[in-house]
Amino acid sequence: MQVQGSGKKTLRGLIPVVTLTLFSLLSVASAAGVYIKHISLPDYIGRELTEPEMKEVIKRNSPLTSYVRLSPNADFPRKSEIKKITIHHMAANLSLEKLGESFGKIDRNASSNYGIDINGRVALYVEEENRAWTSSNAENDNMAVTIEVANEETGGDWSVSDRSYAALIELCTDICRRNGIEELVYTGDPEGNLTIHKMFNPNTDCPGPYLEGKMEEIAEKVNENLKK
Ligand SMILES: [Zn+2]
């Protein structure tokens with residue numbers, strides 16, 4: 001009796017120990033998973049960069065960049081050559097740092113190659129050689145450099161500032177020059193090489209009426225610059 005009784009007690013006593021052990025094993029396994037995910041990402045991703053490191057990264061991308069915060073939400077490297085540009089709006093007036101912070105969160109599952117703030121400053125979040133997760137379409141984003149532009153007006157026409165708009169033209173020109181895109185063509189559908197988010201996702205109005213109304217003009221201005 002005594003033996004049986006103490007046996008039961010021991011068994012009961014074991015349940016929390018077994019549960020705890022299982023929990024510990026699971027934690028170790030998931031930590032290892034996160035670690036493996038981390039070490040498989042290229043260096044410079046998901047951490048603050050020093051000034052010399054930023055300069056090094058900018059050398060491989062647009063010289064118009066003044067802020068770098070590389071997002072883990074991307075495919076390394078992209079699967080196609082760069083042939084397109086896709087324009088988005090932030091649907092907000094975010095600073096480059098705030099947008100970078102948001103794209104830095106793995107559970108956000110989103111990023112863009114570049115961002116432009118209300119003052120026309122340019123940030124890099126995903127290097128051009130990698131595919132950003134921006135336009136709800138892998139085929140497009142594997143071919144495109146994607147750009148998020150801050151909104152001056154939130155709601156309504158979702159306009160962007162003149163400084164952001166000027167920076168957008170400069171950035172598109174620079175992307176075309178460095179990647180051998182001779183001409184930007186906006187056809188209003190994914191066939192052209194200047195595309196917008198809403199072409200690929202019926203649930204978004206991105207990049208908003210203001211920028212959408214400017215697409216032909218953007219192509220025209222960039223093409224004029226490319227001829228210079
Ligand atoms: Zn968008």
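The following legends describe close-up views of a predicted model of a single chain.

**Figure 1. Overview of the predicted chain and its confidence.** The chain has 228 residues, of which 33% count as buried, and contains 7 helices and 8 strands. Among contacts between residues at least 6 apart in sequence, 72% join residues at least 24 apart. The average pLDDT of the chain is 90, and 83% of the residues score at least 70. Confidence is highest in strand E4, at a mean of 99, and lowest in helix H1, at 58. Over residues 1-7 the pLDDT stays under 50, and the model has 0 contacts beyond four places in sequence for this stretch.

**Figure 2. The open sheet of 6 strands****.** The strands follow the order E1-E5-E4-E7-E3-E8, with mixed pairing. Strand E1 (65-68) and strand E8 (194-196) form the edges, each pairing on one side only. On average, neighbouring strands of the sheet are turned by 30° against each other, direction ignored. Helix H2 (residues 51-59) packs on the sheet, where it touches E1 and strand E5 (122-124). The direction of H2 makes about 120° with that of E1.

**Figure 3. Pairing of strands E4 and E7.** In general, the strands of a sheet pair through backbone hydrogen bonds, either parallel or antiparallel. Strand E4 (residues 114-116) and strand E7 (residues 144-149) run parallel and are joined by 3 bridges. Within this pair, Gly115 stands opposite Glu148 of E7.

Figure 4. E3 is largely enclosed by the rest of the structure, because 6 of its 6 residues are buried. Both faces of the strand are covered. Lys84, Thr86 and His88 are buried on one side, and Ile85, Ile87 and His89 are buried on the other. E3 pairs with E7 in the parallel sense over 6 bridges, and Ile85 has Val145 in E7 as its bridge partner. E3 also runs parallel to E8, to which 3 bridges join it; here Ile87 stands opposite Ile196 of E8.

Figure 5. Most residues other than glycine have a negative phi, and most peptide bonds are trans. Pro77 lies in the loop that links strand E2 (74-75) with strand E3 (84-89). Pro207 is found in the loop between E8 and helix H6 (208-212).

**Figure 6. Positive phi angles at Tyr44 and Ser136****.** Tyr44 is not a glycine, yet its phi is positive, at about 85°. This residue is placed in the loop between helix H1 (2-40) and H2. Tyr44 counts as partly exposed because it has 15 C-beta neighbours inside 10 Å, a count that lies between the limits of 12 or fewer for an exposed residue and 20 or more for a buried one. Ser136, also a residue other than glycine, has a positive phi near 60°. Its place is in the loop between strand E6 (131-132) and helix H4 (138-143). With 17 C-beta neighbours inside 10 Å, Ser136 likewise counts as partly exposed.

Conventions
Residues numbered from 1 in each chain as written. Predicted model: local features only at pLDDT ≥ 70, side-chain atom pairs only at ≥ 80, totals over all residues. Pairing = 2+ DSSP bridges. Helix = DSSP H or I, 4+ residues; strand = E, 2+ residues; numbered from the N terminus. Axes fitted to C-alpha atoms, helices over the stretch in contact; angles between N-to-C directions. Contact = placed C-beta atoms within 7 Å. pLDDT = per-residue confidence, 0-100.
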